[in-house]
Amino acid sequence: MKTKILAGVIVLLAGSVQAQTSPQRCCPAKPETNKRLVLWQKLQRELKAVDDQLDGVMGLAVKDLTSGDEFFINPDEVMPQASSIKITVLAELYRQAKAGKLKLTDEYVVRKEDLVPGSDILLGLTPGVTRVTLRDLATFMVTVSDNSATNVLIDRIGMENVNSMLESQELHTTRLRRKMMDLKAASEGRENVSSPREMMTLLEAIYRGKLLNKELTDDYIKVLSTHKESALLQGLPDDAVAASKPGELEAVRNDSGIIFVKNRPYILSVMTTYLRDEKEGQAAIRKIAGLTYSYFDRLARASEYGRVVSPK
C-alpha cells in the first residue's frame with residue numbers, strides 16, 4: 001500500500017514539473033477568429049442598406065483584388081452605361097496599339113463635321129488647324145467625357161472591333177451599339193449596355209495584364225486615373241487614386257473603376273437606373289465608394305488581429 005501511494009506521489013510531482021517546464025500555448029501564428037469575415041459581412045449589410053433605400057434599381061459588384069472576395073447586388077442585370085461605356089472604347093484603342101494597328105501618337109486634325117454637343121474640349125479647338133494625338137483624344141474622352149473625341153476614336157478603331165474584343169473576353173452582354181449623342185439610335189433601343197459583373201471582369205482583365213502588355217496597361221490605367229468630377233471620387237479621400245469612368249443619363253447614374261488602396265486595390269462597379277431622382281443615384285454611389293474604401297483601407301493598414309499602427 002505504501003509503495004502504491006509513493007508511486008502516485010512521484011507521478012503527480014513529475015506532472016507538476018513537466019507543466020512548469022513545458023512552454024505555455026500562447027499567441028498562435030495566425031488568429032483563430034474570423035474578424036475579417038465579420039467586417040466583410042458588415043460591409044455587405046451596409047451596401048444592401050444603401051440599395052434598399054434607393055428609389056430605383058441598383059446593380060453592384062465589388063472585388064478584392066488581393067483575396068478574390070466578391071460581393072454582388074443584381075450583378076447580371078443589363079443596364080445603360082452612358083459615358084461609362086468609354087472604358088471599353090479606351091480598352092480597344094490600347095489593344096489596337098498593342099497589335100500595331102495604330103499608334104497612340106497618331107494625329108487627328110479637328111473637323112467641324114465631327115463635333116457634337118457635350119464636347120468641352122473639341123468644341124473649343126479650331127477645325128482644320130488644331131492637331132491632337134489619339135492619346136490626347138482618349139484623355140479628353142476620360143477627363144471631361146468629350147463626346148466628339150469619343151466618336152472620333154470609335155470611327156478610328158471601329159465599333160465592331162470594340163464588340164469583338166468584348167466577346168473575346170467572354171463578355172456577352174457588354175456592347176457599344178451607338179456613338180455618343182446619337183439620339184435616334186437611342187430612341188430605337190440601341191443603347192450602350194453592360195452589367196456590374198461584366199464591367200468588373202473587364203477591369204480585372206486589364207488590371208492583371210490579360211488584355212495589354214505591361215507598358216500599355218500602366219498607361220491605360222494612368223489615363224483612366226486622370227482627375228474627373230464623379231460621385232465615386234467624391235466618396236474617396238482627396239489623395240485616393242481611382243481609374244474610373246462615370247456615366248449619366250436621365251434616370252441613370254453609373255460609375256465603374258479600380259480603386260488603388262495601398263496594398264489592397266479593389267474593383268467597384270455601381271449602376272443605377274429607373275431613378276426617381278438622379279441626385280439619389282449620385283448619393284448612393286458616393287456612399288458606396290466611402291463604405292468600400294473604409295473597409296479596404298482598414299484591411300490594408302491593420303494586422304490580422306485588427307491592430308493599426310499609424311506612422312508618427
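Predicted model: local features only at pLDDT ≥ 70, side-chain atom pairs only at ≥ 80, totals over all residues.
Let's start with helix α2, residues 35–53. Its 19 residues reach 27 Å from first C-alpha to last, close to the 27 Å expected at 1.5 Å a residue. Trp40, Leu43, Gln44, Leu47, Val50 and Asp51 are its buried residues. Look down the axis of α2 and these fall within an arc of 115 degrees, so they line one face of the helix. Their cover includes β1 (57–64), β2 (70–73) and α11 (278–301). Turned away from that buried side, α2 shows the exposed residues Arg45, Asp52 and Gln53.

Next, find serine 119 in the loop between β4 (107–109) and β5 (131–133). Serine 119 counts as buried because its relative accessibility is 2%, with under 20% as the cut-off. Leaving aside residues up to four places away in sequence, serine 119 touches Asp146, Asn147 and Ser148.

Now for the salt bridges, 21 by count. Lysine 63 and glutamate 70 pair up at 3.1 Å, N to O; lysine 63 is buried at 11% relative accessibility, while glutamate 70 is partly exposed at 35%.

Aspartate 76 and arginine 197 meet at 2.7 Å, N to O. Aspartate 76 sits in the loop between β2 and β3 (79–80) and arginine 197 in helix α8 (residues 196–207), so this pair ties together parts 121 residues apart in sequence. Arginine 135 and aspartate 219 form another salt bridge, at 2.9 Å, N to O, linking helix α4 (residues 134–143) to helix α9 (residues 214–224).

Definitions and conventions:
Residues numbered from 1 in each chain as written. Heavy atoms only, no water. Helix = DSSP H or I, 4+ residues; strand = E, 2+ residues; numbered from the N terminus. Expected span 1.5 Å × (residues − 1). Buried < 20%, exposed > 50% of the residue type's maximum accessible area, 1.4 Å probe, protein only. Arc of directions from axis to C-beta. Contact = heavy atoms within 4.5 Å. Salt bridge = Lys/Arg side-chain N within 4 Å of Asp/Glu carboxyl O.
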